[in-house]
Amino acid sequence: MAKISIIGAGIGGMSAAARLAKNGHDITIFENSDRSGGKCRTEWFGDYAFDTGPSLLTLPAVYRDLFLKTGKRLEHILELTPVDPAFNYHFADGKSVLFPNLSNPKTYEVIENSFGKEASIGWEKIINRAERMWEVSREPFVESELTSIWPLLKNKNLIKQISEIAPFTSLRKLGSKFHLDPHLQMIIDRYATYTGSDPRTAPAVLLTIAFVESTFGAWHIKGGIGQLSVALEQRCRDLGVKFEFNTQVEKIMTASNKVTGIRTSTGKTVNSDLVVANADTEYVYNKLLDKSVSAARSERRKLRVATKSLAGFSLLLGLDNSKGSPVNVNHHNVYFPKDYDAEFDEIFNKKVPVTDPTIYICAPKDGSMVSAPNKESWFVLVNAPRHDLENGWNWENGAAAYAQSIINKLDKLGLNVSNRLELMKYRTPADLENYAMAPGGSIYGTSSNNAVSAFLRSKNRSKVKGLFCVGGSTHPGGGLPLVGISAEIVSNAIGKA
């Protein structure tokens, strides 16, 4: 049994804690804020509840496996329902397409109805390619600990795998090879933003998101996706995990390139056999570890050259339909701009707020997330540049005006927001940096903006002996499914340490 300190009570930290505690380890989680969940939380403001982080769950099998292997069935704790239709996509030319959930054949049918037979055939071809990519990449790139490139180079099926994954082809170029309808190309491009990346440079393998989403579905948890955090905290407590909230870790202590414990901001020292960091790895390597720790130098070099993930600007809108005419929207809605490339230029090149952004609206059809039937809680998200006082955008200024510009656009789209608006709050990348300790408010740490980005992402097993990293900024990446997988990789690695 090892004494393990976990930094951060996010989904990754708690998922690792539950698995490790089940294996008999002595676990304490140190969390800077007053609650668990990290970015994954459901927050109430007056009569309205909002998922202020992830707003859907894909690959629920990851968490079914976690709960089952730690002694509970997920279905006995949380109520999961498929979101059908999965997404409603709207385009600047007035066209739209409503993607059903858990049915590729029905998706091909609605695409044909919206954009024609040729567009439907193109989408079927690209989903088939995405499935082959998933089958090739799932085990070696997603579910396994990526310690180095050498085991992959020794794989006897390497040439075939490279051909399928097309590592030097961007997501945008792959869509062009299939001659996709322009509307569908925008949907494909959007999958790059799931990893905080630019589709014009992000690798084509991100297409696997399309297959995973269409095959394993989009799911909602009654009461909000943040209920997953609540259930995980309870699972940890049942297994003997201890939590120390409102406790900021200011240093990972080391001796001879090996961790010896942690020190909190109050000066308290906690000796530990192992440390698991569920924090942005840029923060871990540049803030929590002394610069003198030589084993961390290679990781710091990778972080310096890696492109940082984009951030997000979100609005929490409480709408009272007794004040104005309601507008029928689906659970998940995406409104694309006329010029999608301009959005990526402004974020990654000009580093300014997007003038005409893609707008994502999550409007849950969940009566437990509002106080009365005539009310709606909308979580609205637009892509945004990082908070960067030196080389980018300062989100401490102009945020209120930007929030109003998004509301104005929602009104122009015919969504009648202003007349019904009872509550409005906004969250900037600077806010995310402050409460989630995410440098610049980058949602996923580093982006996937080049062919070697997977190898620039921080490893789960650090070269600093006894230090392990879990969460969206480490391998295999961001999003609830991958974060859950990273926790399994870390618990298995500790079992082998």
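Two strands count as paired if DSSP finds at least two bridges between them. Helices (H or I, at least four residues) and strands (E, at least two) are DSSP runs, numbered from the N terminus.

A quick word before the views: this is a predicted model, where local features need pLDDT of at least 70, side-chain atom pairs count only at pLDDT 80 or more, and totals for chains, interfaces and linings use all residues. Residues are numbered from 1 along each chain as its sequence is written, and side-chain values use heavy atoms, with hydrogens and water left out.

**View 1. Meet an open sheet of three strands, in the order β10-β11-β12.** The pairing here is antiparallel. β10 (249–255) and β12 (269–271) sit at the edges with a single partner strand each, so one side of each has no neighbour in the sheet. From one strand to the next, the twist averages 30° (axes are lines fitted to C-alpha atoms, for helices over the stretch in contact, and angles run from 0 to 180 degrees between N-to-C directions).

**View 2. Zoom in on β10 and β11 (residues 258–264), joined by six bridges.** The two strands run antiparallel. Look for Val249: its bridge partner in β11 is Thr264.

**View 3. Here are cysteines in a structure with zero disulfides.** A disulfide is a pair of cysteine sulfur atoms within 2.5 Å. For Cys40, the nearest cysteine sulfur belongs to Cys362, 12 Å away. Cys40 is buried at 3% relative accessibility (buried means under 20% relative accessible area, exposed over 50%, partly exposed in between, with a 1.4 Å probe and protein chains only).

**View 4. Cys236 is in no disulfide either.** The nearest cysteine sulfur is that of Cys40, 13 Å away. Cys236 is buried, with a relative accessible area of 0%.
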